[in-house]
Amino acid sequence: MEKRTKPILVTRSSLPPYEEFAEMIRPIWDTAWLTNMGDYHKELERQLKAYMGIDNLVLFVNGHMALEMAIQALELTGEVITTPFTFASTTHAIVRNNLTPVFCDINPEDYTMDADKIEALITEKTSAIIPVHVYGNFCQVDRIEEIAKKHHLKVIYDAAHTFGETYRGKSAGAYGDASIFSFHATKVFNTIEGGAVAFREEWMDHRLNCLKNFGIVDQDHVVWVGGNAKMNEFQAVMGICNLRHVDQEIEKRRLVTERYLERLEGTKGLKLPHVQKDVKPNYAYFPVVFDGFACSRDEMWRYLGEHQIFARKYFYPLTNEFQCYEGHFTSQTTPVAKYIGDRVMTLPLYADLALRDVDEICSLILGRA
């Protein structure tokens, strides 16, 4: 196979037509209103609520600050049960709020938190559960809700991977006390950078809006020790434009996913993703677990890189293996997550990925079988 010169990256940002975006930002020059919850910001919030079929949502500058401030709004204390099989943001947000993450292992089928292992981790210090929907796979939301109610715990879902998805007809934003979304450039739906908190109780709207604006209520009152986490008008415009096209983008991703499955299904030593029952998927990622394949995950990652195809070891390392947490946490308590983390790799997947490029990637993998 001839070596390519132009790389295939693991993802590529979706963008609206340039003219569409340019036309929408023109009024910003007339008003000079760049941030502080302007008209576009309010319009994007309205459209996102309608798209997801939810009543409550607040926009943020990014998904990480959305999570940090959701934790603050719910006034969590002590210990929080979470998963190490996630991006750095989830664990960091907990620790940066002076809370202690207690790591629950994952199940080997969809890589989400193993709900059967949660109750054994609950102590008198536990205030919440922060599970993560992984690769578009929903957590065991019914079971987690049952456990949370029984033990009077809050639930915040890291839903960064599930924008546009539904489970049993309900948006990912409709579960838990709150659900956090990332609208980072690499996500299915992006606002360049950005994020949001969807939440159950209406009182959180005022508190979250205060927290993201330095705790300011009005010119005379500052009632929370807040920060600056406001989405600006340019981000909001990008979101409004991309929301018009997101369903078509998801459909393109479906075609890429199906091509991967068509080519790789049945290959010995490869565990491929499949859509969960009752889930309307967004085809955000294509994770492959190399378990008994002719070469290891790391060997395949290097081999693809030599051919200018840049897959990602995602999630690796586990967050309880990070150097910054050395001496505090260990992956020995989460052996399933450790096993998957050492073997999983997400292949390139984005709306504009050509099927011939998918074929090339698959041929390289199968050539090593």
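Is Ile192 buried, exposed or partly exposed? Ile192 is partly exposed, because its relative accessible area is 40%, which falls between the limits of under 20% for buried and over 50% for exposed. The model described here is predicted.

## Backbone exceptions

Most residues other than glycine have a negative phi, and most peptide bonds are trans. Ile192 sits in the loop between strand 8 and strand 9 (195-199). His152 also has a positive phi, near 60°, and is likewise a residue other than glycine. The loop that holds His152 runs between helix 5 and strand 5 (154-158). With a relative accessible area of 71%, His152 is exposed.

Two cis peptide bonds can be described. One joins Tyr314 and Phe315, with omega about 20°. The other runs from Tyr316 to Pro317, where omega is near -5°. Phe315 is found in the loop between helix 8 (297-306) and helix 9 (335-341), and Pro317 is placed in the loop between helix 8 and helix 9.

## Salt bridges

The count of salt bridges comes to 24. One of them pairs Arg143 with Glu146, whose closest N and O atoms are 3.0 Å apart. Both residues belong to helix 5 (residues 141-151) and are three residues apart, about one turn of the helix. Arg143 is partly exposed, at a relative accessible area of 26%.

Asp278 and Arg168 form another salt bridge, at 3.5 Å from N to O. This pair links distant parts of the chain, 110 residues apart: Asp278 is in the loop between strand 12 (270-271) and strand 13 (279-280), and Arg168 is in the loop between strand 6 (166-167) and strand 7 (170-171). Asp278 is partly exposed at 38% relative accessible area, while Arg168 is exposed at 54%.

A further salt bridge brings together the side chains of Lys338 and Asp342, with an N to O distance of 3.4 Å. Lys338 counts as partly exposed at 27% relative accessibility, and Asp342 is partly exposed with a relative accessible area of 27%. Elsewhere, salt bridges that share partners join Glu119, Arg143, Glu146 and Lys150 into one network.

The largest pocket holds about 530 Å³ of space. Its lining consists of 32 residues, and those nearest the centre are Phe87, Ser182, Thr186, Lys187 and Tyr314. Helix 3 (63-73), helix 4 (88-96) and strand 8 (178-182) are the elements that give two or more residues to this lining. By type, the lining of the largest pocket divides into 14 nonpolar, 13 polar and five charged residues. Tyr314, one of the residues nearest the centre of the largest pocket, also takes part in the cis peptide bond with Phe315.

The second largest pocket has a volume of about 380 Å³. It is lined by 23 residues, of which Tyr135, Asn137, Pro273, His274 and Val275 are the closest to its centre. Helix 7 (233-264) and strand 14 (287-290) are the elements that contribute two or more residues to the lining. The lining of the second largest pocket comprises 13 nonpolar, six polar and four charged residues.

## Cavity

The whole structure has one cavity of 30 Å³ or more. The largest cavity contains about 40 Å³ of space. It is lined by Ala160, His161, Thr162, Phe163, Ser182, Lys187, Val188, Phe189, Asn282 and Ala284. These divide into five nonpolar residues, four polar and one charged. Ser182 and Lys187 are among the residues lining the cavity, and they are also among those nearest the centre of the largest pocket.

Phe214, Ile216 and Val222 make a nonpolar surface patch of about 260 Å². Val222 belongs to strand 11 (residues 221-222). At 56% relative accessibility, Val222 counts as exposed, because the cut-off for that class is over 50%.

Leu243, by contrast, lies in helix 7 and counts as buried at 10% relative accessibility. The C-alpha atoms of Leu243 and Thr191 are separated by 9.3 Å, and the two residues are 52 apart along the chain.

Note on methods. Residues are numbered from 1 along each chain as its sequence is written. This is a predicted model: local features need pLDDT of at least 70, side-chain atom pairs count only at pLDDT 80 or more; totals for chains, interfaces and linings use all residues. Side-chain values use heavy atoms; hydrogens and water are left out. Patches are made of residues with over 30% relative accessible area and no salt bridge: like charges are joined within 9 Å, nonpolar side chains (Val, Leu, Ile, Met, Phe, Trp, Tyr) within 5 Å. Accessible areas come from the Shrake-Rupley method with a 1.4 Å probe; for residues, only the protein chains shown count as cover. A salt bridge is a side-chain nitrogen of Lys or Arg within 4 Å of a carboxyl oxygen of Asp or Glu. Helices (H or I, at least four residues) and strands (E, at least two) are DSSP runs, numbered from the N terminus. Buried means under 20% relative accessible area, exposed over 50%, partly exposed in between (1.4 Å probe, protein chains only). On a 1 Å grid over the protein atoms alone, a cavity is a set of points where a 1.4 Å probe fits but cannot get out, and a pocket is an open set with protein on both sides within 12 Å along at least five of seven lines; lining residues have an atom within 4 Å of a point. Grid points are joined across faces, edges and corners, and a volume is the space filled by probe spheres set on the points. Ala, Val, Leu, Ile, Met, Phe, Trp, Tyr, Cys and Pro count as nonpolar, Asp, Glu, Lys and Arg as charged, and the others, Gly among them, as polar.
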